[in-house]
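Thanks for coming. I will keep this short, and I will take the structure one site at a time.

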Amino acid sequence: MINTLARAYAEDFPIGAAVTAAVLDSHDDILGHFNSVTPENAMKPASLHPSEHSFNFREADMIATYAGARKMKLRGHTLVWHNQTPDWFFSDGDAPAAAETVWKRFEEHIAAVVGRYRSYAYAWDVVNEAISDDNHSPALRQTRWLDILGPDYIARAFLSAHKADPDCLLFYNDYHETQPIKSLRIHDLIYNLKRQGVPVHGVGMQGHYDIYTPSLDELAAAIEHYASLGVTVQITEMDVSLYREGDKTSHEAPPEELLALQSQRYGEIFSLLRKYRRYVSGVTLWGVADDVTWLSRLPSYQRKNWPLLFDERHQPKAAFHRVIQK
Ligand code: GLA
C-alpha cells in the first residue's frame with residue numbers, strides 16, 4: 001500500500017487541499033494524498049450567488065459529490081467576506097440598499113448555502129477576515145457588511161449558519177493570524193462571541209506563510225492563544241511562499257537553496273502542529289501542486305511561486321518527504 005499524507009497523519013489530523021472542479025481531474029494522480037477538500041472559490045458568494053434570484057451550484061456540487069464519493073471531508077469556504085461578494089447584496093438599483101434588505105439577503109444566503117451542503121460539509125468558514133490589519137484603526141475591518149449591518153453581523157452569521165446546520169463546526173478564519181496585535185484582536189472577538197453564547201467552534205489560521213516567517217514561537221503562541229478560548233484550531237489555507245512578504249524579486253525556476261529552506265520549514269511546522277494535535281483538528285494546503293497556485297496567478301504578483309508539497313509535474317518535493325517522514 002502506498003503511504004499517503006493522509007495515512008501518515010491519520011492519528012493526528014485530516015490533511016486537506018483547496019481544489020477547483022478542474023483540479024479534481026487534472027490532479028487526480030495525487031489527490032489520494034488528501035482526506036479533506038476545500039473549494040478554493042466555488043462556494044464563495046460571487047461564485048454561488050451571482051444575482052439575487054439565481055444560484056450557480058454546479059462547481060460546488062461537483063466538489064461536494066467528489067468528496068462524498070471518496071469519503072473525504074469537506075470544509076465550506078466562505079459565507080461572509082468583504083471580497084468575492086457581489087455588489088447586489090448591498091444595493092437597490094443605483095442606491096445603497098436599506099439595512100433591513102441587506103439583513104434579509106445575508107440570512108437567506110447563509111440559510112440556502114449551509115442548508116444545501118448540510119450533509120456534505122462538516123465545517124464552514126463562516127466569517128472570513130473581519131479583523132483590520134491596521135493596528136491603529138478600530139479592530140473590525142471597514143467593510144460594507146460592517147457599514148450597513150454594524151458589528152452584530154458577525155454574531156448573526158454564526159447564528160444563521162448554526163440554525164441551518166446545528167451539527168456543523170463553525171469557524172472564524174483570518175490571515176496574519178500569528179501577528180501579536182491581530183491575534184489579540186481575533187482572540188477578543190471570539191471571546192466576546194462565546195461570552196454571548198454565539199455558536200463559534202473554531203479559529204481558522206489561514207497559514208499563508210513563507211520560508212522565513214512566522215517563527216515557530218509565534219506560531220506556537222498563536223495556537224495556544226486561540227486554543228485557550230476552548231475552540232478548536234485548524235490551519236485552513238497553508239502554503240509556504242519562496243518570497244518574503246513584500247519582496248519584489250522573482251525567479252524563473254525555484255532556486256535549490258530556497259527549496260531546501262522550504263522543506264525545512266514545512267518539516268518544522270508540521271512537527272509543531274503534531275505536537276499541538278490536541279488543539280489542531282485539521283491542516284489544509286491552499287492548492288494541490290505548484291502548477292496551480294493563487295500565488296503564481298494573482299495579478300498583483302505576476303511571478304511564479306512554488307509554495308506547495310508537489311512540484312509543477314506533480315512529483316513530490318523535498319518538503320513532501322520531510323512532511324511524510326514526520
Ligand atoms: C484568502 C481567502 C481565500 C483565497 C485567498 C487568495 O486567503 O480566504 O479564499 O481567496 O485569500 O486566493
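Predicted model: local features only at pLDDT ≥ 70, side-chain atom pairs only at ≥ 80, totals over all residues.

I start with the ligand. Which residues surround it? The shell consists of Glu40, Lys44, His77, Trp81, Gln84, Asn128, Glu129, Gln206, His208, Glu237, Trp286 and Trp294. Sorted by type, that shell has five polar residues, four charged and three nonpolar.

Now some distances, each from a ligand oxygen atom to an N or O atom in a side chain. For glutamate 237 the distance is 2.4 Å. For histidine 77 it is 2.5 Å, and for asparagine 128 it is 2.9 Å. How much of the ligand does the protein bury? On its own, the ligand exposes 300 Å², and 88% of that is buried by the protein. The space that the ligand takes up is the largest pocket.

Next, the cavities. Rolling a probe the size of a water molecule over the atoms shows where empty space remains. How many cavities of 30 Å³ or more turn up in the whole structure? The search finds three. The largest cavity has a volume of about 40 Å³.

Its lining is made of Ala18, Val19, Thr20, Val23, His27, Glu40, Gly287, Val288, Ala289 and Val292. By type, the lining of the largest cavity has six nonpolar residues, three polar and one charged.

How values were computed: Residues numbered from 1 in each chain as written. Heavy atoms only, no water. Near = heavy atom within 4 Å. Polar contact = N/O pair within 3.5 Å; in protein donor to acceptor, adjacent residues only side chain to side chain. Areas by Shrake-Rupley, 256 points an atom, 1.4 Å probe, with all protein chains shown as cover. 1 Å grid on protein atoms, 1.4 Å probe; cavity = no way out; pocket = protein on both sides within 12 Å on 5 of 7 lines; lining within 4 Å. Sits in = over half its atoms within 2 Å of the grid points. Nonpolar A, V, L, I, M, F, W, Y, C, P; charged D, E, K, R; others polar. Points joined across faces, edges and corners; volume = space filled by probe spheres on them.
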